[in-house]
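Please examine the model shown here chain by chain, and then at the boundaries between chains.

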Amino acid sequence: MQDKGKKTKVRLLAVACAVAATLSLAACGDNVPQEANEASSAGKSKISGEFQGAGASSQQGAVEAWIAMYQRHNRDVKIAYNPTGSGAGISTFLTGATAWAATDAPLDAQAIEQSKSICAGGGSAFDVPVYVSGITVAYNLKGLSGQDKHLNMDPATIARIFDGKISSWDDPAIKEQNPKANLPAKPITVVHRSDKSGTTKNFLSYLKDTAGEDWPYEAGENWPNDVGQGSKGASGVASTVGQADGTIGYVDASKVGTLGTVSLKVGQAYVPYSPQAASTVVDSSKIGQEASGPGRLVIELDHGTQAANAYPLLLVSYDVACPAYQDADTARFIKSWLTYEVSRDGQQLVADNAGAVPLSAATRAKVMKSISLISVSSPSSQGQGK
Amino acid sequence: MSDRRDQRLPGQSQELAVGGVADADKAMPDQARRQAVATAGGGQPNRVQPSGTDDAAPVIDFDKFKPTRSFIAARKRKDLLMRVLVFLAFLMALIPLISVLWTTLAAGIKRLNWNFLTYNMSGVIGGLQTPSGGYGGIEHAIIGTLEVTLGAMVISVPIGLMCAVYLVEYAHGGRLARAISLLVDVMSGIPSIVAGLFAFSMFSIVFGPGTINGFEGSVALSLLMIPTVVKSSEEMLRIVPGDLREAAYALGVTKQRTITKIVLRTALPGIVSGVILAIARVIGETAPLLMTAGFISSTNLNLFSGQMTTLPVYVYQEYSKLTVTCPADGGAGCVSSIPMERAWAAALTLIILVLVLNLIGRLVARVFSVKTER
Amino acid sequence: MREESDVTTEQLDQPVSGKRADAIFKGVAYACGIIILLALAAVTVFLLYRAWPIIAGDRQAKVETIESFTGGRAHNFLQFVGPLVFGTVLVAGLALLIAFFVAIGIALFITHYAPKSLASALNYIVDLLAAIPSVVYGLWGGIVLVPAIEPFWAFLAKYLGWIPIFAGPVANPARTVGTTAVVLAVMILPIITSMSRDIFAQTPRLYEEAALALGATKWEMVRLAVLPFGKSGVVSASMLGLGRALGETMAVLMILSPGLKYSVKLLQASQNQTIAANIAAQYPEANSQGVSALIGTGLVLFLITFLVNYLARRITRKQVAK
């Protein structure tokens, strides 16, 4: 076959190449504005190279927006983000294949220990919050759901619904809290995440902290009981809830779309989700005890807050980075990348386009302090020992 | 058909006869009367017995094999019923298939335009319009798909073809050949996700953990492609007339020259169309590429380094996004349902790609196969 | 292509060195045959190697990994993989059950009932459908079919609910084993159809005409001549279809609401999960030990499909030999 096979192969190759060439000739495909916008990076030394990150899928929308904007200012940087999931993101980071990882759960001790082998100078990796998203309890109920429509529920009611104890929409517990709503005698279909997820963990720990004995399960990344249906990813839950009448599920605020959402009972009032209400809780939460390593900033959400107009059901997602990198370019990139992410502009960008809760100035200042730990001088000059 | 008589002969297919007997027994009352007239006192209705009386030659009464009217009607009814069932099966299958194609077409056509085909997803912010006036596109995914598939082809076509040559030309039904052809059959049933796991494991062991590149995807796909190539090529090589080979040998041509210059050349159109169909099969694979080729929003031309998005993975990723958030102040031209629209448009592109490949394969087979038939 | 067809004797006139080329060529062909064996061996070895930690590794770590996957529902690998195997076989078997008769019907329609001109068009359509990517079926199943089929399931549950497999309450939305099996059936339909069609079309004309000449009706002719002739081919086609359904990932992932039970309630959600979909669903959030566990389930899936295909092959072989 050698001869003929090769000939056809060469031909096919040529065809494929021609196709690829015409496509890439048409434009390199990148969506960049015509006018070069170099102003913002003019003062600093230029960063260039290709950098990879991987991790939480919850951050995908936000990271994509950040990358788009960041690359407009830094033309020579190419960033790839693979939304593989928090676990895979961290394990890839710990192999040294990616520059940073995004995760919904803070690093555990074992990961911190392992990170010493990949971070230059023997330092351990640290995690800082960069993305906060509200979690909404979304429902689909004919006539009662839709954009900006809300039902009122206290944590105990939510817990009993998600535990299968309340199985009809006209249950007295729901009626009592929504005297004006005309609730039908429809069975409730609970929709939860079927994959391991930070959203599930945050939702469960909210229920555990607030619902008392109505919620007998421990917080974890897996859904603990056999009630209702499971669906993969926040979008899976959102689309499942959207598909049938009488469903209820917990969804990241950015994916809730036009579904109705539940107003949570905080103190004596019912608070609907809003970025401001969520931000209030982030600010009043304390930096966690488990933040053992230098630079680590783990937020322990105050689910039981009684503050006025606070929405305590949310997800804090972190970026994991090293304090020093073997490669000076990578270090410079990570520093400027994280700085951009938590900058006012960066946070506003994802608040507008990815449904995030913008970090407050106080929190941003704390994060910036951690980021300043990243050493951008080349590791060889500081005598790295490994 | 309707006036065809059902005269059965003794030597006919057993099954039919047995069926006939069973049915005839049911129609006993009718028949028994007639038999009583024909064979004096023959107790067994369906067996010809030499009667114990004066007749020397057995009298075969063909009339008693004659089916009753109700029997014929029953058979006709059954025939009609099966006709209807077969037709219903056909209609039933059409419903979902038309629905699949129609949904994809209807939902995909909206965003399928030149901008969508020539831009990638880098620089796309939420549902906002890009500077070029589009909403992001699949240029990078098309390139990724072509490169990964090409990589798979480069691996699997030579191996598959030579394996077929071995099976047809060299191994004359030996034990090894039997084992190989058995394993090729088994291999054609490997689940695509297992192929993905295999490539992932192999690359993480050989090239270090966390290795993800387009070529890894090619390896996974080639595992799925090789058996298809082997089987179609084998079939094509087998139908090359033995006369051609013998004629070549008689002229003193070596076996290698005979195979490359005559056998493969004759079988070429069939082989090419087989390869194209094999490509059409693997080009739509998603699961193995999710874990091997990764996902990236900008264009990556290098198959051997860096992640690569392919069309099916792109479809899945956009489906996973579902919606995007638009700024509260509206944001001119922001489309919050854009991910699903992109997913459908990419799915439509993928289907068109597969259809075109299929058409080419068929065309190659048709145009060039005339030669061998002459 | 033109210049390739005129092979002259000149070209074929070989120098003696052709012998070496001959030997090399044979060697290459032989090697490629061996590569097939090696590839399969490599699949087994690499999967086994990566799955080893979950087979023979530290007991404590194993238990933790499995528990983290299942939320504490299973504690060892067997408890984990058992329901998955059950779910995989259930979904695939059901899909085959639905697809089998329809596929045979279509194959017969194309080969024996449809007019010639229509038949060739249908041939083409069936081949095209076999090539529609699974992710598209997944999209369609998850977005179009799930809401559309719910009333039908509700109807089934209402009138046939006394049969355990149709027991209600019907899940709404219907992300159930029943819906998934329907989508898989649609997916494997073209595969079984195209293979059965090829076999049926090969039925010797003499058999068919003999049956007709004996006065058989069309259906009797099909039953007596076509079906017996195609039996082994149809069996192996369905086995291939079954193999495809066993390994299908995307469609299941995008439709089924998973659960880990030994349950045959087709109309309720969160009952079963398949191995392939479970791998794709859990893989992103798995640590290295978790990946080992998933690869372990992948190995089990590999063995199952290996067995199915091997059996299919044995059946066809026997028939051919006879």
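The paragraphs below treat the chains, their contacts and several local features.

This is a predicted model, in which local features need pLDDT of at least 70 and side-chain atom pairs count only at pLDDT 80 or more, while totals for chains, interfaces and linings use all residues. Residues are numbered from 1 along each chain as its sequence is written, and chains are lettered from A and ligands numbered from 1 in the order in which they are written.

Chain A contains 12 helices and 13 strands. Helices (H or I, at least four residues) and strands (E, at least two) are DSSP runs, numbered from the N terminus. Of its 386 residues, 53% are buried. A residue is termed buried if 20 or more other C-beta atoms lie within 10 Å of its own, exposed if 12 or fewer, and partly exposed in between, with C-beta atoms placed from the backbone. Contacts are defined by C-beta atoms, placed from the backbone, that lie within 7 Å. Among contacts in chain A with a separation of 6 or more, 73% are between residues 24 or more positions apart.

One residue of chain A illustrates such a pairing across the sequence. A:Val376 sits in the segment after helix H12 (361-371) of chain A. Leaving aside residues up to four places away in sequence, A:Val376 touches A:Ala328, A:Ala331, A:Arg332 and A:Lys335. A:Val376 is classed as partly exposed because 16 other C-beta atoms lie within 10 Å.

Chain B has 13 helices and zero strands. Buried residues account for 52% of its 374 residues. Of the contacts in chain B between residues at least 6 apart in sequence, 72% join residues at least 24 apart. Chain B is divided into domain 1 (2-66), domain 2 (72-108) and domain 3 (114-367), with bounds that come from an automatic or database domain assignment. The centres of domain 2 and domain 3 of chain B, taken over C-alpha atoms, are 32 Å apart. Their contact takes four residues from domain 2 of chain B and five residues from domain 3 of chain B. On the domain 2 side, these residues comprise two nonpolar, two polar and no charged. In this classification, Ala, Val, Leu, Ile, Met, Phe, Trp, Tyr, Cys and Pro count as nonpolar, Asp, Glu, Lys and Arg as charged, and the others, Gly among them, as polar.

Chain B also meets both of the other chains discussed here. Which helix of chain B gives the most to the side that touches chain A? The contact itself joins 45 residues of chain B with 45 residues of chain A. Helix H5 (139-170), helix H10 (255-282) and helix H12 (311-321) of chain B each supply at least two residues to that side, and H5(B) gives the most, with 11 residues. By class, this side of chain B has 23 nonpolar, 19 polar and three charged residues. Towards chain C, 86 residues of chain B are in contact with 79 residues of chain C. Helix H3 (residues 69-108) of chain B provides the largest share of that side, 19 residues. The side of chain B that touches chain C has 54 nonpolar, 15 polar and 17 charged residues.

For chain C, UniProt (unreviewed entry) places the feature "domain: ABC transmembrane type-1" at residues 85-312; such annotations may be inferred rather than shown by experiment, and their positions are given in the numbering used here, with feature names shortened. This span is 76% helix and 0% strand, and its end C-alpha atoms lie 20 Å apart. Helix H7 (residues 134-160) of chain C has 27 residues, yet its end C-alpha atoms are only 31 Å apart, short of the 39 Å that a straight helix would reach at 1.5 Å a residue. That expected span is 1.5 Å times one less than the number of residues. H7(C) bends by about 50° at C:Leu145, and a proline, C:Pro147, follows within four residues. The bend is the angle between axes fitted to the seven residues ending at a residue and the seven starting there.

The backbone also holds some exceptions. Most residues other than glycine have a negative phi, and most peptide bonds are trans. The peptide bond from C:Asn172 to C:Pro173 is cis, with omega near 0°. B:Leu322 has a positive phi of about 65° although it is not a glycine, and B:Leu322 is buried, with 23 other C-beta atoms within 10 Å.

Methods: Two residues are in contact if their C-beta atoms, placed from the backbone, lie within 7 Å.
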